[in-house]
Amino acid sequence: MPTSESDERGVTADAGTTKARIERAALTLFCAKGVDAVTTREIAAASGVSEGALYRHFTSKESLAETMFSAIHKRLGESIRKAAAGGRTIEETARAIVAGYAAVADEDWPLFAYHLLTTHRFLPFTDASARNSADNPVTLVEDIIGAAMDRGELAKGDAAFKAAAALGVVLQTALHKKYGRIEGGLASRAGALGDAVIAVLKA
């Protein structure tokens, strides 16, 4: 099952390279079947390479899966940092974060969906320094909310709880899209999602 031209984007690799084909094939299979159910033989066949070629780029299936997760996780963190820059109010920041998440999702839905479906697999088992790193979207959102509480823009409270609820607005919507309960991109719903996030933050 060779990949089509539109599927030749890599996750960590340059488009059109062997490594990019492996990543894109793995991404498609992981989203469809789950990481555990997919074999390296299937990934190699889907990307049009031998298993030996796959192992020249990745030491194991788990390494491949974690590498791709880390790449999109870091990208989402960068999107949040960009949204928080420039001294915006918490409402402006919340809308910018939602718009950034929606843009990332719509640009490469399979990669965003993969992150959504595998967060439970990778994050609970990372060490505390990784969970609290500057690349962690959840930590960034917690810090933004905590700072807004300190400035008096939001009522004092549990920033971690507020972050969970606010992110849930976007991520549960994305899950509904993944499972076919809603259609279309997230960017077209960014305004409504932003309204809902702000309502959660001010509740």
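This is a predicted model: local features need pLDDT of at least 70, side-chain atom pairs count only at pLDDT 80 or more; totals for chains, interfaces and linings use all residues.
Figure 1. Residues are numbered from 1 along each chain as its sequence is written, and side-chain values use heavy atoms, with hydrogens and water left out. Asp-108 forms a salt bridge with Arg-24, and the closest N and O atoms are 2.8 Å apart; a salt bridge is defined as a side-chain nitrogen of Lys or Arg within 4 Å of a carboxyl oxygen of Asp or Glu. This pair links distant parts of the chain, 84 residues apart: Asp-108 is in the loop between α5 (90–107) and α6 (109–122), and Arg-24 is in helix α1 (residues 18–33). Helices (H or I, at least four residues) and strands (E, at least two) are DSSP runs, numbered from the N terminus. Arg-9 joins Arg-24 and Asp-108 in a network of salt bridges. A search of the whole structure finds 11 salt bridges.

**Figure 2. The salt bridge of Asp-36 with Arg-121.** The side chains of these residues, Asp-36 and Arg-121, meet at 2.8 Å, N to O. Asp-36 belongs to the loop between α1 and α2 (40–47) and Arg-121 to helix α6, so the pair ties together parts 85 residues apart in sequence. Asp-36 is exposed, at a relative accessible area of 61%, whereas Arg-121 is partly exposed, at 22%.

**Figure 3. The salt bridge of Arg-75 with Glu-107.** The N to O distance between the two side chains is 2.7 Å. Because Arg-75 lies in helix α4 (residues 61–84) and Glu-107 in helix α5, the pair ties together parts that are 32 residues apart in sequence. Arg-75 is partly exposed at 28% relative accessibility, and Glu-107 is partly exposed with a relative accessible area of 47%.

**Figure 4. Packing of α6 against helix α9 (residues 159–178).** The two helices, α6 and α9, pack at an angle of about 115 degrees, and their axes are 10 Å apart. Axes are lines fitted to C-alpha atoms, for helices over the stretch in contact, and angles run from 0 to 180 degrees between N-to-C directions. The contact (heavy atoms within 4.5 Å) is made by residues including Trp-109, Phe-112 and Leu-116 of α6 and Leu-171, Ala-174 and Leu-175 of α9.

Terms used: Buried means under 20% relative accessible area, exposed over 50%, partly exposed in between (1.4 Å probe, protein chains only).
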